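This report describes the strand pairing and helix packing of the structure shown below. Please read it alongside the model.

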Amino acid sequence: MAFQFKQFTVKDEHAAMKVGTDAVMLGAWVKVYDEKNVLDIGTGSGLIALMLAQRTSAYIDAIDIDPPSVEQAHQNFELSPWASRLNAIHASIQAYGKNPLRKYDLIVCNPPFFDNSLKSPDSGKSLSKHTDSLKFNELAHEISKLLLPKGKACIILPPGESFHFLNHALIEGLYCNRKTSVIPVAGKTANRLLLELSFERSGTTEGELIIRNKNHDYTKDYIHLTKDFYLNF
């Protein structure tokens, strides 16, 4: 299926990680400055990498363990205005961390988070959603290895999984500097946390993002966050 955004198109029929709200929120929520090199872990169709290519002048390495996803991301990159700055790589983060191309100002990840739950018969879909191939302690360790001293990492997870990931991140010397609780509908509880981490221990700035109001219309905050990407915003 093809998704048309304001400045690029994403096809995801062969990607294990489909286009979804989590990826769009993360790609839009990340604060960018003058990053030179960005790493997208588990790129899937390449959506987050494309969003960051639109927002920055950085060179972006996008890795995924699933070969069809890497090929799909590569095709999406080639059709974008930023093909020369986007690099799709077939590798697990554990393997890539042993011989990386570079270290990074910014690392982003929309990781698998279903642990010990019923798996899909589709092996690619299971890889994208389950932690078997990427444990939180491994993710935190690899981020700490690949992040430059003044760099930052941004990730999206459900609240319970965020607690476990942040514990592992602390062991690796990574601190949560910014956290946004994502509420799907006004009046409900948060089902995702957007997290920004770095090696700097500066305290955590907390915020809240409600996606839809009680009438199920998108809120002004969500529209403001994603307006540079969605056609209907």
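Predicted model: local features only at pLDDT ≥ 70, side-chain atom pairs only at ≥ 80, totals over all residues.

The strands S3 and S4 run parallel and are joined by five bridges, and together with helix H2 (residues 47-55) they make a right-handed β-α-β unit.

Asp61 in turn stands opposite Asn87 in S5, and from S4 the chain crosses through helix H3 (residues 67-78) to S5 in a β-α-β crossover that is right-handed. Strand S4 (residues 59-64) and S5 are likewise parallel, with five bridges between them, and Ile63 is found opposite Ile89 of S5.

## The sheet as a whole

These strands belong to an open sheet of eight strands with mixed pairing, ordered S5-S4-S3-S6-S7-S9-S8-S10. Strand S5 (86-90) and strand S10 (205-212) are its edge strands, each of them pairing on one side only. On average, and with direction ignored, neighbouring strands of the sheet are turned by 15° against each other.

## Burial and helix packing

Because five of the six residues of S4 are buried, this strand is largely enclosed by the rest of the structure. Helix H1 (residues 21-29) is also largely enclosed by the rest of the structure, since eight of its nine residues are buried; the buried residues of H1 are Asp22, Ala23, Val24, Met25, Leu26, Gly27, Ala28 and Trp29.

How values were computed. Residues numbered from 1 in each chain as written. Heavy atoms only, no water. Pairing = 2+ DSSP bridges. Helix = DSSP H or I, 4+ residues; strand = E, 2+ residues; numbered from the N terminus. Axes fitted to C-alpha atoms, helices over the stretch in contact; angles between N-to-C directions. Buried < 20%, exposed > 50% of the residue type's maximum accessible area, 1.4 Å probe, protein only. Right-handed = clockwise from strand over helix to strand, strands pointing away.
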